[in-house]
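Have the sequence and the 3D structure open side by side. The paragraphs below walk through selected parts of the fold.

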Amino acid sequence: MTVRGRRLSPTQHTLYSQQRLFPEDPAYNVGFLYRVRGDLDSERLRRAGELMAARAVPLNEYFVERDGTVSAEYDPDNHYRVELDRRTGDAAAQLTAEISAELDRPIPMDRWPLYSARMVQDDTSTYVVLIASHMVADALTFYNLITDLGKLYGDLDFVPPGGELLPLPPAADPEQARAAVTYFRSNFGALETLSTPDWEVDRQRDGQLPGEHVTMDLGPELSAGVHAAAKELKAGKVAFFLAVHLLVLGCLTASSRVTTAFPLANRRRDRKLLRAYGYHVNTLPLSIDLDEYETFDQLCAGVQERIDALVAFEDISLGAHAREIFDHPAAAVSRPSSSFTFYRQKLSLRIPGCEFTPIPLPRARLICPFVANVEQHDRGYTYYIQSSSRVADSRPQDVLRAVLSHIAGQPRTRLDAVPWLGAHELAELREQAGTRVEPPAHQTITHAFEEQARRTPEAVAVSYEGVTLTYAELNHRADRLAAWIDAELPGDFTGIAMQRSPELITTILAVLKAGRAYVPIDPAAPAQRVEAIVSQFDSLHVLTDSTDLPAVAALRCHDVHAAGRAAAANPAPFRPAAGRPAYVIFTSGSTGTPKGVVVTHANVLRLFTATAREIDFGADDVWSLFHSYAFDFAVWEMFGALLHGGRLEIVPEWTRRSPADFAAFLAERGVTVLSQTPSAFRTLSAALTPALADELAVRTVVFGGEALRFETLAPWVERYGHRAELINMYGITETTVHATAHRVTPGDLKSQRPSVIGRALDDLRITLVDTALRPVPDGVAGEILIAGPGVSNGYLNQPELTAERFPRPPFADEIHYRSGDLARREANGTLIYLGRMDRQIQLRGVRIELGEVEAALLTHPAVRECAVRLDERRPDTPELVAFLTGSTATDADLRLHLRDRLPAAMRPTRFVRTEQLPLTVNGKLDDARLPWPELLEPDNNGTEITAAASTPAEMVRNAWSKVLGRTDFGDAESFFDAGGTSIQLVQLLEELRAGCPHPDHLEMVDLFEFTTVRAQSAHLATLL
């Protein structure tokens, strides 16, 4: 007989393209295994299986590509045979492993069969096995297949009513197509991608996505509660469970805007198709902004509206209209990272006198990172969950159960009241101990220092350019100056504005001994910032050794040298209380005014007790004072040395600015404990010669102040090896310098992991929460909340801000600090730092509130509007970029204007003029549409690097021309914008591989990453 062929339906074509792109991906294989017990005629069931397959044409199709055109072909001479295999004993476990392994092998699409059935009989049962490629069977196909198989068992002459119905393209309907484009463009047009990029990182280069399948039965009690809740809300089951899915998706992605794939049967245009076989389903994206709804009943109503809209467009092909719908080419070829389906009945074969029990088949490959399929049955509801490794760490089944349990009891609950953790997990959070270390032996910093001075009076405490002070000398000088401060300077706070020197350390100790808190003021700070700091005190007396302080009228300066000379020779000792403030460090403020963080003696002392497990503090250590004393990293450096008998080496200012000189300083002074921001350490490592590396005595390097990228440590390890422990510590001024610690391992150095910050210090507790202060599960990004004795007293004279940033969250009884930083906790408890959740950023160790920079820019008369953003397109050299409207000022004018208002680290390095700042529909700044400047390429021997014509460029242009059949495309135009299709992308890969000496090095994923002629040429050049 003649082989029949037909063209594919749009949905089949989409699936075919996906599998053609990634032929090794078996995720679209579908299989079922049933154990049958009872009065079964095995031979009759075997024969029914053969007849069913023979009478269902779509199950017999295969797919052939000729000259770029794909067709579904059917050969009537192909006949299935259902084998009946006989085994001894109980074959269930062995059979489960065999079928699972078979499902994880790809089924070729271009040869028959793409469907198979077989039976196995052992000493206990009979087993039915069904396996198919999705190309010939969607979910409804299997329901029809199971139903028809049961009827054929009863009547071998039965003819399946849908056996001849094929998945065909729908009739053209221009009006419906226009309406669909309008709908989808309004919902998805501005998105850069439909997927969740963080979840897609687990997908391998061949398209395969490892993961796990989990079955979760809700049980009769919870099922009854869910059923009653849906009934009370008058919500359809699909809308109810889909609303739950979207809520959980919002939790797992830490986002209010969520998108999921929503498969539609795509059979409404002809009711006969409800009994059809084949792949008809059309999977469309459904998106919703959870912030638009206050309660769960409102969310259900909103979800139902979206379902109704998708059903109206269920046969629309998004791929055919992608260029009209999506602004970004990447969005047109992306797909949601989540999927949801609701099945109204259990998929089970029914034969009188027999019991059919489905056996779960473990799968190692997934279609997308998070799939939730809900099945309704006689006993209630069962979830079939698929999770990639990244998602599985969050245990989505537990989150689903917690959400469903809450909604079952409170159907009209506020969305921000829905917990992500179960009652048991929340109770564990409340019961966690707040302190796990012995309290400090001393009550104050000064008491601890004095005890150390008593133990080692002749040891060198401080050294600077040949000048040294022993512990006894430093203590005596500090006592004398403290007496003068106590007698002459009123108030609880004393400012210090001094250059780097031993006198600076003496003055800090003296202020503390006098029972005051010191307020560091950088002598190099702009006058406006100094004035903003001083204005927050009723009266602030400042000790200084500099005549170069900014001209601020409110400054009440006192020469520290004169004060020292006037001090009493033998002052009485002072004993400030442990709970008194030790210092006030000012950090960037969102309103443009710096905010003062009040840190107590007790906060500082427990820092060293809590880190004793990480750092072996000792009298033999030499610490470098590298950082400004106005930066709290200096607190760590100063008292890490002085409270433990070590020597503090003060780094001269000019040495700090020269990485080569600093490297030499470390070697010369024998520094053993080095504290650095990652940015500073990169420049130091680059300047470290092999000869200097041999002279270093560094045993510990502590990182802090900004995110650490492990790969940047390679130059240090290459020159210095593993002689020093590298410790990454995360911390905030408000929680006393450090809050976590992570020892960097050799494995970290080889990995591409983000900044690992480890675990909380022993006396602190870190909880990750969402914006409603709900604890989030492991693996989910959440704001870092910190509790324990490291948490400071809040902000000076700002009670409202203190209450906002230092709340008592609902899950705990003690005060927590809201850091504004995002992190993710791995299953082993390790924290991964993800960055800022607000507009505050870290740049080269400096915490910057972008609002403060914008406020300074807006004081320029030529600036009407502005937005400042961190440009991280080059991770090694991030920079601030200012976007301005109405500005006629030159870059030089703007820099001059900011010089008197902002520290150097807070000033933008690039300025971009634009007619207006882009806004979203909600009136918020649209970051995605900001006109980012072109990256300035580094010179190559003084010659600007350009994408000039080259052999790789010609190779790429020729391949594009051959595949697209034309040459009217630009080098900067994406392949899909140029009219390319997914099938043509496969052809392009083949063309490029043909001209590449190492074709196996060029993969399909490269063409998704490098989408233009220019980008592909540059990538190809690396392979030639």
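How many bridges join strand β37 to β38, and do the two run parallel or antiparallel? Four bridges join β37 (residues 879–885) to β38, and the two strands run parallel. Helices (H or I, at least four residues) and strands (E, at least two) are DSSP runs, numbered from the N terminus. Two strands pair if DSSP finds at least two bridges between them.

This is a predicted model: local features need pLDDT of at least 70, side-chain atom pairs count only at pLDDT 80 or more, and totals for chains, interfaces and linings use all residues. Residues are numbered from 1 along each chain as its sequence is written, and side-chain values use heavy atoms, with hydrogens and water left out.

Axes are lines fitted to C-alpha atoms, for helices over the stretch in contact, and angles run from 0 to 180 degrees between N-to-C directions.

Contact means heavy atoms within 4.5 Å.

Next, go to β17 and β18. Strand β17 (residues 493–497) pairs with β18 in the parallel sense over four bridges. I496 has P520 as its bridge partner in β18. Between the strands, the chain passes through helix α17 (residues 502–513), and this β-α-β crossover is right-handed. That is, with the strands pointing away from the viewer, the path from the first strand over the helix to the second runs clockwise.

In β18 (residues 517–520), A517 and V519 point one way, Y518 and P520 the other, and all are buried. Buried means under 20% relative accessible area, exposed over 50%, partly exposed in between (1.4 Å probe, protein chains only). In a regular strand the side chains alternate between the two faces of the sheet. T494 sits in β17. T494 is buried, with a relative accessible area of 0%. Beyond four places in sequence, the contacts of T494 include V511, A517, Y518 and V519.

Now the nonpolar interior. A nonpolar core is a set of buried Ala, Val, Leu, Ile, Met, Phe, Trp, Tyr and Cys residues joined through side-chain atoms within 4.5 Å. The largest has 169 residues; F184, F240, F241, F296, Y383 and W636 have the most contacts inside it. Helix α8 gives the most to this core, with 13 residues. Another core, of 61 residues, lies apart from it, with L8, L45, F63 and Y277 among them.

Helix α8 (residues 237–253) has 17 residues, of which 16 are buried. A254 follows α8 with a positive phi, near 55 degrees. Among the residues that F240 touches, beyond four places in sequence, are V226, L233, F296 and I407.

Finish at an open sheet of five strands, ordered β5-β6-β7-β2-β12 with mixed pairing. Its edge strands are β5 (83–86) and β12 (354–358). The twist averages 25 degrees from one strand to the next. Inside the sheet, β6 (residues 115–121) and β7 (residues 126–133) are antiparallel over seven bridges. Y127 in β7 is the bridge partner of V120.

Conventions:
The expected span of a helix is 1.5 Å times one less than its number of residues.
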